[in-house]
Amino acid sequence: MSEIRFASKEHENFFFTMLHKCGNTDCYHRAFFYCVGISDTARNNVGRMFDFKQDCIRPEGLHEGWQTGGTVRLTRLAFNLWNGYAEQGDERMSTPYEIFDCGYAPYFYEAIKMRYPEYCRDLPTVKARTDSAERGGR
């Protein structure tokens, strides 16, 4: 796996602190805490989204007053990467069309790579086509 890109030093510190607190570094925890750590608002409310004693997400955290448009998106992605969660009756809000429509999108790719490392590998470089090959010319 390539080097992890963090949004800030606080994001990086939060990520490793949460993994240590949980005592689990599997792909589910890594992706969840990476997502939640992107925003300082979400970091400050992690306990409203995650039950550390039960080791599970708290879906009701999506509807709390501290949530913003961006933090709702990162929370939805974090929940979905955790266990496929999509809010019943509002599943469309968990689609890439809705979730990736914010400034956090570049970091969302990192979370996806963490959750699915076996599929998110570096692909071989493809040789660029020439103009005549693209037009079907000889």
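1. Let's start with Arg-76. Leaving aside its neighbours within four places in sequence, Arg-76 is in contact with Leu-62, Glu-87, Asp-90, Met-93, Ser-94 and Ile-99. The residue sits in helix α5. Is Arg-76 buried or exposed? Its relative accessibility is 9%, so Arg-76 counts as buried, the cut-off for that class being under 20%. Keep in mind throughout that this is a predicted model.

2. Now for the overall layout. The protein chain has eight helices and two strands. If you walk along the sequence, the order of elements reads α-α-α-α-β-β-α-α-α-α. There are 138 residues in the protein chain, and 38% of them are buried. Looking at contacts between residues at least 6 apart in sequence, 56% join residues at least 24 apart.

3. Next, have a look at helix α2 (residues 27–37) against helix α7 (residues 105–115). Their axes come within 8 Å and cross at roughly 170 degrees. Angles over 145 degrees count as roughly antiparallel, so that is the label for α2 and α7. On the α2 side, the contact uses Cys-27, Tyr-28, Arg-30, Ala-31, Tyr-34 and Cys-35. Facing them in α7 are Tyr-107, Glu-110, Ala-111, Met-114 and Arg-115. Sorted by class, the residues of this contact are eight nonpolar, three charged and no polar.

4. From α5, the residues involved are Arg-73, Leu-74, Leu-77 and Leu-81. They meet Phe-108, Ala-111, Ile-112 and Arg-115 in α7. This contact has six nonpolar residues, two charged ones and no polar ones.

5. What about the nonpolar interior? As background, nonpolar side chains in soluble globular proteins tend to be buried together. In this model, the largest nonpolar core has 31 residues, and those touching the most other members are Phe-15, Phe-32, Phe-33, Tyr-34, Val-36 and Met-49. Which elements give two or more residues to this core? They are α1 (9–22), α2, α4 (46–49), α5 and α7. Helix α5 supplies the largest share, seven residues.

6. Beyond its neighbours within four places in sequence, Met-49 is in contact with Phe-32, Val-36, Ala-42, Cys-56, Ile-57, Arg-58, Trp-66, Gln-67, Thr-75 and Phe-79. Two of these partners, Phe-32 and Val-36, are also among the core residues that touch the most other members.

7. On to the charged pairs. As a general point, side chains of opposite charge can pair when their charged atoms come close. The structure holds five salt bridges. One of them joins Lys-9 and Glu-12, whose closest N and O atoms are 3.4 Å apart. The two residues are three apart in helix α1, which means they are separated by about one helical turn. Lys-9 is exposed, with a relative accessible area of 53%, whereas Glu-12 is partly exposed at 25%.

8. Another salt bridge pairs Glu-64 with Arg-48, with closest N and O atoms 2.8 Å apart. Glu-64 lies in the loop between β2 (56–57) and α5, while Arg-48 is in helix α4, so the pair ties together parts that are 16 residues apart in sequence. Arg-48 is partly exposed, with a relative accessible area of 43%.

9. Finally, come back to helix α7. Glu-110 and Lys-113 meet there in a salt bridge, at 3.3 Å from N to O. They are three residues apart in α7, about one turn of the helix. How do they sit relative to the surface, buried or exposed? Glu-110 counts as buried at 6% relative accessibility, and Lys-113 is partly exposed at 26%. This pair also belongs to a network of salt bridges that links Arg-5, Glu-110 and Lys-113.

Definitions and conventions:
Residues are numbered from 1 along each chain as its sequence is written. This is a predicted model: local features need pLDDT of at least 70, side-chain atom pairs count only at pLDDT 80 or more; totals for chains, interfaces and linings use all residues. Side-chain values use heavy atoms; hydrogens and water are left out. Axes are lines fitted to C-alpha atoms, for helices over the stretch in contact, and angles run from 0 to 180 degrees between N-to-C directions. Helices (H or I, at least four residues) and strands (E, at least two) are DSSP runs, numbered from the N terminus. Angles under 35 degrees count as roughly parallel, over 145 as roughly antiparallel, 65 to 115 as roughly perpendicular and the rest as oblique. Contact means heavy atoms within 4.5 Å. Ala, Val, Leu, Ile, Met, Phe, Trp, Tyr, Cys and Pro count as nonpolar, Asp, Glu, Lys and Arg as charged, and the others, Gly among them, as polar. A nonpolar core is a set of buried Ala, Val, Leu, Ile, Met, Phe, Trp, Tyr and Cys residues joined through side-chain atoms within 4.5 Å. Buried means under 20% relative accessible area, exposed over 50%, partly exposed in between (1.4 Å probe, protein chains only). A salt bridge is a side-chain nitrogen of Lys or Arg within 4 Å of a carboxyl oxygen of Asp or Glu.
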